[in-house]
Structure formats: C-alpha cells, structure tokens
Amino acid sequence: MNQRLAHVTLLVRSYDEAIAFYTNVLGFTLDSDLDMGGGKRWVVVTPPGATGCGLLLAEAKTADEKAAVGRQGAGRVWLFLHTDDFWRDHPVLQSRGLKFLETPRSEVYGHVAVFEDLYGNKWDLLEPLE
C-alpha cells in the first residue's frame, strides 16, 4: 500500500484574500484555482519547495463554517511550516507583515516561533534539528 496526505482543508473568509495572504506574505505557490460552479473553487497553495501536502482553501459558507474560521485548531498551534533555514526566513516573513506571537526560541526539536495567519490560526515556523 502506498498512501500520503495530499491536502489539509483550511476554512477561509474569502478565496481571494486568502490567496493574497498565502502567496504574498508566506510566499506560497498557487497550485490550483479551479471554478467548480456555484461559487465554489478548488484552491490549493503550497510552501516553496513543497513536494507533499498542500492547503486546500475552502471559503466558509454556513454559519458553523464561518464560526470555525481561524479556530480550527481551537486556539492551539495546529499547522507546522518547516524551513531549512529559520534565521533566513523569520526576518523575511516579519518584513512582509507576518504576525509572530513570540520571539524565536531554540528547543530540543529545532528553532521555532509561533505566528498567526490572517484569520488567527496559530502556526509554528520550525527548522527541525536533524
């Protein structure tokens, strides 16, 4: 058996504002933006150099979905953006307006700092130690 995670769905307020944030601030690539009809789109973004899982951006439509935007991790870090050079990427992302919630720190597992996306989802920017 050969399996892998392909996408993680992230609820967003608006396709276009989410695309702008993930491509302009985080530097992700827009891999797909297909009109599915009825106001739905298949929008996938991936980090630079990614070969695995991407984010499937899903515009919230129902009241429950709208209430969950920015809260899919229930206030915890739930998305992890790995980098091969934390000290290169951290200042670049800060200069693009990314909101870091703490100063960078070194842990036993790597160099890390928590940041928020435009909806308040918490992420780790993480350079794992080999």
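The structure is a predicted model, and its largest pocket has a volume of about 500 Å³, while the second largest pocket holds about 170 Å³ of space. Strand β4 (54-59) is among the elements that supply at least two residues to the lining of the largest pocket, and β4 also gives the most to the lining of the second largest pocket, with four residues.

**Largest pocket**
- The lining comprises 25 residues, of which F28, P47, F80, L81 and H82 are the closest to the centre of the pocket.
- At least two lining residues come from each of β4 (54-59), β5 (77-82), α3 (86-95) and β9 (122-128).
- By class, the lining of this pocket divides into 15 nonpolar, seven polar and three charged residues.

**Second largest pocket**
- The residues that line this pocket are L11, Y15, M36, K40, R41, W42, L56, L57, A58, E59, K61 and E65, and they fall into seven nonpolar, no polar and five charged.
- Both β3 (40-46) and β4 supply at least two residues of this lining.

**The four-stranded sheet**
- Four strands make up an open sheet of mixed pairing, in the order β1-β4-β3-β2, with β1 (7-12) and β2 (29-37) as the edge strands, each of which pairs on one side only.
- On average, neighbouring strands of this sheet are turned by 25° against each other, direction ignored.
- The pairing of β1 with β4 is parallel and runs over six bridges; V8 has L55 in β4 as its bridge partner.

Terms used
Residues numbered from 1 in each chain as written. Predicted model: local features only at pLDDT ≥ 70, side-chain atom pairs only at ≥ 80, totals over all residues. Heavy atoms only, no water. 1 Å grid on protein atoms, 1.4 Å probe; cavity = no way out; pocket = protein on both sides within 12 Å on 5 of 7 lines; lining within 4 Å. Points joined across faces, edges and corners; volume = space filled by probe spheres on them. Nonpolar A, V, L, I, M, F, W, Y, C, P; charged D, E, K, R; others polar. Pairing = 2+ DSSP bridges. Axes fitted to C-alpha atoms, helices over the stretch in contact; angles between N-to-C directions.
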